[in-house]
Amino acid sequence: MSTVSREMFDQFMTPNYAPAKVIPVRGEGSRVWDQDGRCYVDFAGGIAVTALGHAHPQVVGALERQAKSLWHLSNVFTNEPALELARRLCEATFAERVFFANSGGEANEAAFKLARRHAYDRFGADKHEIISFHESFHGRTLFTVTVGGQPKYTEGFGPLPAGITHLPLNDVEALRAAISPKTCAVVVEPVQGEGGVRSCTEEFLRVARELCDANDALLVFDEVQCGMGRTGTLYAYEGFGVVPDILTTAKALGCGFPIGAMLTRADIAASLTVGTHGSTYGGNPLACAVASAVLDIINTPEVLAGVAPRRAAIEAGLDAINAKYPMFTEVRGRGLLVGWVLDDAWKGRAREVLNAALAEELFVLVAGPDVVRLAPSLIIPMDDIEQGLERLERTVAAVYRAT
Ligand code: PLP
């Protein structure tokens, strides 16, 4: 029996999370075991992170090999894994230059700073305004919570960075009215994750592209959650047919090893001259070696083509459960970023579903109080999907009965 217990969280850690009562200790594929040996089906994927499941042998191998050769240098040097990963990311996307960070928030911080600096270099300090959208989420640094469209995350942390406007998502006319020559960037998640699993429309992103071009503003796609194969293409922008100027990626890029990256074109990257931005660990050899292995696996036709049938199986299962126990109005999102939206009678109770799922040995997520979110591994076996859905049916039945 482990001497480490959940009570220690309350004793030793800051209270900004409310973790579950169980402590997972081991994972393999889409299965996770807790301290008592109970085995869970993982429909959460560490919040869209473990896109290849837990302990993928090729990813473990890459980490082990790098761990035995070189862990860290500093920005006095570059290193082979960082250069290889940067090249792979450029070859696989619109990008020509990459900045490495350690998280999604840091990749976005770099993106927003670059957008401002680039506008400053070309047009002067007046062109600094950023347009973002309600319910968006971009990280927890002061700049990224301020660009994010959820006021609860900035409350009490002011004064906040200025010049940031929030508009309703998918509202073409609101964007048309708000954008101006003072706008340096429009920042959007092609599929909002934390904000309730809401997809942009193709028309909205297309118009955003046109308006950015007309106003010399940069279009920034935050693909921290929806990128790395989650929607069935390596990055979601490919599926929408709209190319951003800057793209941020993290989460599944390291499949659980902390890494983030900001991708952009060479002409924009030119504003990040020596000394303008940096990070001790950004481009760390361990993280970059892992991410290259992850990218090699995810960016293959087999893995990407596997997203749609898995989505279809999950969606059919959710519809069947809802037919028996009506609680939900729709299944939304794209690919394996799935939002199951509670109807009016059940609003506010997503967390209850998450907790009831744990009792059935199933991990799910929430996206706000009204949406149950699933973000499983992109290679979750069909058998695990089936077993997870059986557990989810028991979960929903239990919540139903308890009411
Ligand atoms: N951007 C999006 C779209 C996210 O979903 C998240 C995290 O949930 C972040 C940024 C922040 O990433 P991190 O927690 O790695 O800083």
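Predicted model: local features only at pLDDT ≥ 70, side-chain atom pairs only at ≥ 80, totals over all residues.
Modeller: Residues are numbered from 1 along each chain as its sequence is written, and side-chain values use heavy atoms, with hydrogens and water left out.

Colleague: What makes domain 1 and domain 2 separate domains here?

Modeller: The bounds come from an automatic or database domain assignment, which gives 7-55 + 303-402 for domain 1 and 58-300 for domain 2. Their centres, taken over C-alpha atoms, are 26 Å apart. The contact (heavy atoms within 4.5 Å) takes 26 residues from domain 1 and 31 residues from domain 2.

Colleague: How do you know what area domain 1 and domain 2 bury between them?

Modeller: Buried area is the accessible area (1.4 Å probe) that two parts lose on being put together, summed over both. For domain 1 and domain 2 this comes to about 2200 Å², with 61% of it on carbon and sulfur atoms.

Colleague: Why is the pairing of glutamate 194 and arginine 373 called a salt bridge?

Modeller: The term requires a side-chain nitrogen of Lys or Arg within 4 Å of a carboxyl oxygen of Asp or Glu. The N to O distance for glutamate 194 and arginine 373 is 2.8 Å, so the pair meets the definition. Between domain 1 and domain 2 the count is 2 salt bridges.

Colleague: What makes glutamate 361 and arginine 38 a link between distant parts of the chain?

Modeller: Their side chains form a salt bridge at 2.9 Å, N to O. The two residues are 323 residues apart: glutamate 361 is in the loop between α14 (350-359) and β15 (362-363), and arginine 38 is in the loop between β2 (31-34) and β3 (39-42). Helices (H or I, at least four residues) and strands (E, at least two) are DSSP runs, numbered from the N terminus.

Colleague: How do you know which residues come nearest to the ligand?

Modeller: A residue is near a molecule if one of its heavy atoms lies within 4 Å of it. There are 13 residues around the ligand, of which Gly104, Gly105, Asp222, Gln225 and Lys251 come nearest.
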